[in-house]
Amino acid sequence: MSERSVSRAKQEKRWYTVLAPEQFDRQELGETPADEPDKVYGRTIETTLGELNDSASENNTKLTFKITDVGSDSAYTEFKEHSLTRDYLRSLVRRGASKIEAYVTVLTTDDYRVQIQPVAFTTKKADASQEKAIREQMVEMIEEAAAERTFEELIDSVVEGRLSSAIYGEAKTIYPLRRVEIQKATLEAHPEEVAEEEATAVDVDEDDVAA
């Protein structure tokens, strides 16, 4: 084989079938090309819940996955982010009503750090104290949910709408609500990263004490 043929063979790209995590039934997310397997790691792929479930009514939910493992012809992913489309969120806003947002960073029982952003829409304009109470209720319930669930269980409750429904059921007693949604949920750190951060923080504290 000539040097040119060898060079061309090296440059040929292979297509890898990208698969969703096991909690999403390893469904095919698409394909990605690479001339070397190592170049596939870290790539992200975005789809919608509607595409996974074959349901057009769920196309307002976007899911982002990150490739973490590569086989001979398949690329395996982990969940990275859940988010609602801007158009859908915009459609929920009503003049003369309140939109109440919160940002909550939690640790699951298996030590994944996740940021969750709930949003509540009232039927009419709520006053400042009512908005504060609803925001506190959302934060409290998300913290409680994370304290009782693994990462996979927490993400399932977000994606399937169970967490937002539970918040709606409690928060509507504070002020009439039209809807509660989790507008975004993002994986921020894995257990080993959390442990490393905690160890570093302890080292810093000990140095401060020694000083």
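A pocket is an open set of grid points where a 1.4 Å probe fits, with protein on both sides within 12 Å along at least five of seven lines. The views below show a predicted model.

**View 1. The largest pocket and its lining.** The largest pocket of this predicted model holds about 310 Å³ of space. Its lining is made of 19 residues, and those closest to the pocket centre are Thr61, Gly161, Ser164, Arg179 and Glu181. Strand S5 (74-84), H5, H6 and S9 are the elements that give two or more residues to this lining. S9 contributes the most, with four residues.

**View 2. The buried side of helix H6.** Helix H6 spans residues 162-171, and its buried residues are Leu163, Ser164, Ile167 and Ala171. These residues are on the same side of H6, because they cover an arc of only 95° around the axis. In an α-helix there are 3.6 residues a turn, so residues three or four places apart point the same way. The packing partners of the buried H6 residues are H4, helix H5 (151-159) and strand S9 (177-189). Ser164, one of the buried residues of H6, is also among the residues closest to the centre of the largest pocket.

**View 3. The largest nonpolar core.** This core has 44 residues, and Phe24 and Ile167 have the most contacts inside it. Helix H4 (residues 128-148) gives the most to the core, with six residues. Domain 1 (14-83) and domain 2 (85-194) both supply residues, so the core lies between the two domains. Another core lies apart from this one; it has six residues, including Leu84, Tyr88, Leu89 and Phe121.

**View 4. Surroundings of isoleucine 167.** Neighbours within four places in sequence are left aside here; beyond them, isoleucine 167 is in contact with Met138, Met141, Ile142, Val180 and Ile182. Ile167 is one of the buried residues of H6, and the buried residues of that helix pack against H4 and S9, among other elements.

**View 5. Two loop residues with positive phi.** Most residues other than glycine have a negative phi. Arginine 26 has a positive phi, near 50°, and lies in the loop between strand S1 (14-19) and strand S2 (28-34). Arginine 26 counts as partly exposed because its relative accessibility is 37%. Aspartate 54 also has a positive phi, near 55°. The loop that holds aspartate 54 runs between helix H2 (49-53) and strand S4 (61-70). With a relative accessible area of 73%, aspartate 54 is exposed, the cut-off for exposed being over 50%.

Conventions
Residues numbered from 1 in each chain as written. Predicted model: local features only at pLDDT ≥ 70, side-chain atom pairs only at ≥ 80, totals over all residues. Heavy atoms only, no water. Buried < 20%, exposed > 50% of the residue type's maximum accessible area, 1.4 Å probe, protein only. Core = buried A, V, L, I, M, F, W, Y, C linked by side-chain atoms within 4.5 Å. Domains from an automatic or database assignment. Contact = heavy atoms within 4.5 Å. Arc of directions from axis to C-beta. 1 Å grid on protein atoms, 1.4 Å probe; cavity = no way out; pocket = protein on both sides within 12 Å on 5 of 7 lines; lining within 4 Å. Points joined across faces, edges and corners; volume = space filled by probe spheres on them.
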